[in-house]
Structures are given as structure tokens and as C-alpha cells.
Amino acid sequence: MSPRRKRMLRVGCGGVFASAVDVAMLLLLVEALSLPVALAAFLAATSGAVAGFLVNKFWAFRDRRPLRLAQVSGFAVVALGSALGTAAVVQLLSVGLGVPYLIAKALGAVALFVCWSYPVQSRLVFKTAHS
């Protein structure tokens with residue numbers, strides 16, 4: 001398997017892990033703490049983003065460079081965009097259209113990963129780690 005495909009597989013596995021953290025937090029925040037769905041989706045996506053950054057930096061992209069403010073800031077912008085986008089999709093689909101919130105969450109997460117978070121991470125945030 002080529003190094004690029006291995007990296008893509010690791011990013012995918014890291015995404016599954018980050019998504020598991022995200023969904024676990026979403027369930028906890030909505031079901032146990034009764035937070036509003038949009039707020040819970042935002043907070044859960046943020047916690048998943050932190051897990052995703054650590055997995056991507058150290059495992060998927062094998063970036064052993066010290067943490068840099070520019071990299072963390074870039075990832076924070078990606079994560080914030082993902083969190084806001086996820087919250088909006090969950091609000092629209094779940095509250096607006098009656099789609100169960102976990103299904104809305106999954107649809108939003110996939111769309112945002114493909115269109116936003118992976119492209120920006122691989123081209124900007126971790127660019128020099130895999131160039």
C-alpha cells in the first residue's frame with residue numbers, strides 16, 4: 001500500500017475515533033444533561049475535534065514537530081467551522097425537519113469531513129508533515 005493510502009486510512013481511523021468521542025459527548029450532553037441539541041452538537045464536535053487533532057498530528061500525519069501556534073490556530077479554525085456547520089446541520093435536520101439527531105449528526109459529519117475538514121487539514125494544517 002502506498003504511503004498516501006496508508007495516511008488516508010489512518011486519517012479515516014482517526015476520524016472514526018474522533019467521531020466516537022463526538023457522539024459519546026453528544027449523547028451525554030443531550031440525554032444526561034438535557035442541553036439543547038444545537039449547543040450539545042457544538043460542544044460535542046469541539047471535543048471530537050481535540051481528539052481528532054491529537055490523532056491526526058501524532059498518528060495519521062506522523063507529525064513529530066513541536067506544537068506551533070500557527071498549526072493549532074489553523075486546526076482551531078477548521079474545528080470551529082466544523083462545529084458550527086455540524087450544529088447548523090443538526091439544528092436544521094433534527095429540529096427543523098424531525099430527523100433523529102444522531103442521523104442528522106452523521107449526515108452533517110460526513111458532509112463536513114468531505115467538503116471542509118479533511119481538505120483543509122491535509123492542504124494547510126498538516127501540509128509540511130506529509131509533503
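## How the helices pack

Let's start with helices α1 and α2: their axes cross at roughly 150° and come within 7 Å. Axes here are lines fitted to C-alpha atoms over the stretch in contact, with angles running from 0 to 180 degrees between N-to-C directions. α1 and α2 are therefore roughly antiparallel, a label for angles over 145 degrees. α1 passes α2 in a right-handed crossing, meaning the near helix is turned clockwise from the far one by less than a right angle.

A word on the model: it is predicted, so local features need pLDDT of at least 70 and side-chain atom pairs pLDDT 80 or more, while totals for chains, interfaces and linings use all residues. Residues are numbered from 1 along each chain as its sequence is written, and side-chain values use heavy atoms, leaving out hydrogens and water.

Next come α3 (residues 69-96) and α4 (residues 101-125), which pack at about 155° with axes 8 Å apart. That makes α3 roughly antiparallel to α4, and the crossing of this pair is right-handed. Here is what lines each contact:

The whole structure has 3 salt bridges (a side-chain nitrogen of Lys or Arg within 4 Å of a carboxyl oxygen of Asp or Glu). In one, K105 meets D22 at 2.6 Å, N to O. K105 sits in α4 and D22 in α1 (residues 3-32), so the pair ties together parts 83 residues apart in sequence.

On the surface, V50, L54, F58, L67 and V72 form a nonpolar patch with about 430 Å² of accessible area together (nonpolar side chains joined within 5 Å, from residues with over 30% relative accessible area and no salt bridge; areas use a 1.4 Å probe). Helix α2 (residues 37-60) gives the largest share, 3 residues; V50 is found in α2. Helices are DSSP runs (H or I) of at least four residues, numbered from the N terminus.

Notes. Patch = residues over 30% accessible without salt bridge, like charges linked within 9 Å, V, L, I, M, F, W, Y side chains within 5 Å. Helix = DSSP H or I, 4+ residues; strand = E, 2+ residues; numbered from the N terminus. Parallel < 35°, antiparallel > 145°, perpendicular 65-115°, else oblique.
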